[in-house]
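Dear colleague,

Please find below the structure that I am handing over to you. My findings follow it, arranged by topic.

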Amino acid sequence: MRPGKCVVRSRPPVGGPRPQALEVLFDPAVLRAGPQMIDAEGLTKTFGDLTAVDRVSLRVREGEVFGLLGPNGAGKTTTVRMLTSLISKSSGSATVAGCEVGNARDELRLRRQIGILPENVGLYEAASAYQNLEYFGRLQGLDAATLRGNIERLLRMMELWEKRDLPVGSYSKGMKQKVAIARALVHDPVLLFLDEPTANLDPEAAKTVRDFILELKRERRTIFLNTHHLDEAERICDRVGILRTRLLRVGSPEQLRAELWGNRTLVRFASVSEPLQAALRDRLAPRHLEWQGRTLLVEVRDAERENPEIAEAVLAAGGKLTELSALAPSLEDVYLKLIHEKEPGA
Ligand SMILES: Nc1ncnc2c1ncn2[C@@H]1O[C@H](COP(=O)(O)OP(=O)(O)O)[C@@H](O)[C@H]1O
Ligand SMILES: [Mg+2]
């Protein structure tokens, strides 16, 4: 291992006590200041004539949960497989957890720094959860004491400690998937890749797994999540990248919504009159207004900042409002709009 290039670990150990100053850690400015965990530039993969991933550039900071969102065949798995050095890239470059992807000298170190939940997980069903984790931990070269500690913390965190000696085959689907994620975490990697962790799970099992990922997020783990579930991306991820062979857009769900759609504020009135409408036109200019009966839709850029101004304008104009609420488009609207735009490069 070459000294000086390793990633500095600034979060608690796996399943360990949570940091106290959570609000400080979650401050976006602090997140932005964190070291880069993934830095990919022009990453491309071709299979014969097919370009599966085309010049993808992205950065993920320490402590961030980044979601790669795209339909089947978009290139999500291929991207993760390149980043984790499971397949070679055709062109481009990437640094992952301080290791240069594709550089044979960094290969082993990369393996130690990252955890991967692949699309199809294989656990030993006849073996217990404890044995499964122990086996994979040994493969990672952990010493017995560290391994025992890591396994216990993970199984307790998953509320599976009491069931640790039961065969995994007797677990529910959601529990199995949690064990599979724990397997990816048993060597306490600094960066976790999850490839569609809730695909093929029933809604209840998917929720169990999603809650576990949220628990990992609270630990401030860096997670790269592939998903085609929009609500999953929205609930879990700090930022999402929308992929369709090319990376079409990257941003927080809020940014993407605002950038691609604009937000609207709905104001409902007890009654409406011509003078009220005229007064509001003046007071709310230059915003675009749309009246639907006693309901007014106001286009806003930043609802948080502008809604109080709108409320004041309504009162000053003598309006009697019965409701004022933010109407944000869903990430789904944004996603569908992007995915159905013309083919990239066409
Ligand atoms: N080993 C491979 N050989 C040939 N084509 C592949 C291979 N792996 C993936 N592809 C193709 O690359 C494209 C992207 O696939 P994939 O990365 O699995 O997408 P996703 O994970 O977003 O569903 C698809 O068209 C797929 O058929
Ligand atoms: Mg896939």
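Predicted model: local features only at pLDDT ≥ 70, side-chain atom pairs only at ≥ 80, totals over all residues.

In soluble globular proteins, nonpolar side chains tend to be buried together.

Apart from neighbours within four places in sequence, Val-96 is in contact with Ile-38, Leu-83, Val-101, Leu-110, Ile-114 and Leu-191.

**The chain as a whole**

The protein chain has 346 residues, of which 39% are buried. Its secondary structure amounts to 13 helices and 14 strands. Among contacts in the chain with a separation of 6 or more, 72% are between residues 24 or more positions apart.

As to confidence, the mean pLDDT of the protein chain is 86, and 87% of the residues reach 70 or more. Two stretches call for separate mention. Over residues 1-13 the pLDDT is below 50, and this stretch has 19 contacts in the model beyond near neighbours in sequence. The pLDDT is also below 50 over residues 15-33, a stretch with 20 contacts beyond near neighbours in sequence.

**Surroundings of ligand 1**

The residues around ligand 1 are Phe-47, Leu-50, Ala-52, Gly-70, Asn-72, Gly-73, Ala-74, Gly-75, Lys-76, Thr-77 and Thr-78. Strand 2 (50-61) and helix 3 (76-83) are the elements that give two or more residues to this shell. Helix 3 gives the most, with 3 residues. By type, the shell consists of 4 nonpolar, 6 polar and 1 charged residues.

**Ile-236**

Ile-236 is located in helix 9, which covers residues 230-236. Why does Ile-236 count as buried? Ile-236 has 22 C-beta neighbours inside 10 Å, and a residue is buried if 20 or more lie within that distance; Ile-236 therefore counts as buried.

Not counting residues up to four places away in sequence, Ile-236 touches Val-65, Gly-67, Arg-210, Ile-213, Leu-214, Lys-217 and Leu-225. One of these, Leu-214, is 22 residues from Ile-236 in sequence, while the C-alpha atoms of the two are 6.4 Å apart in space.

With kind regards

Technical notes. Residues numbered from 1 in each chain as written. Chains lettered and ligands numbered in written order. pLDDT = per-residue confidence, 0-100. Contact = placed C-beta atoms within 7 Å. Near = placed C-beta within 6 Å. Helix = DSSP H or I, 4+ residues; strand = E, 2+ residues; numbered from the N terminus. Nonpolar A, V, L, I, M, F, W, Y, C, P; charged D, E, K, R; others polar. Buried ≥ 20, exposed ≤ 12 C-beta atoms within 10 Å, placed from the backbone.
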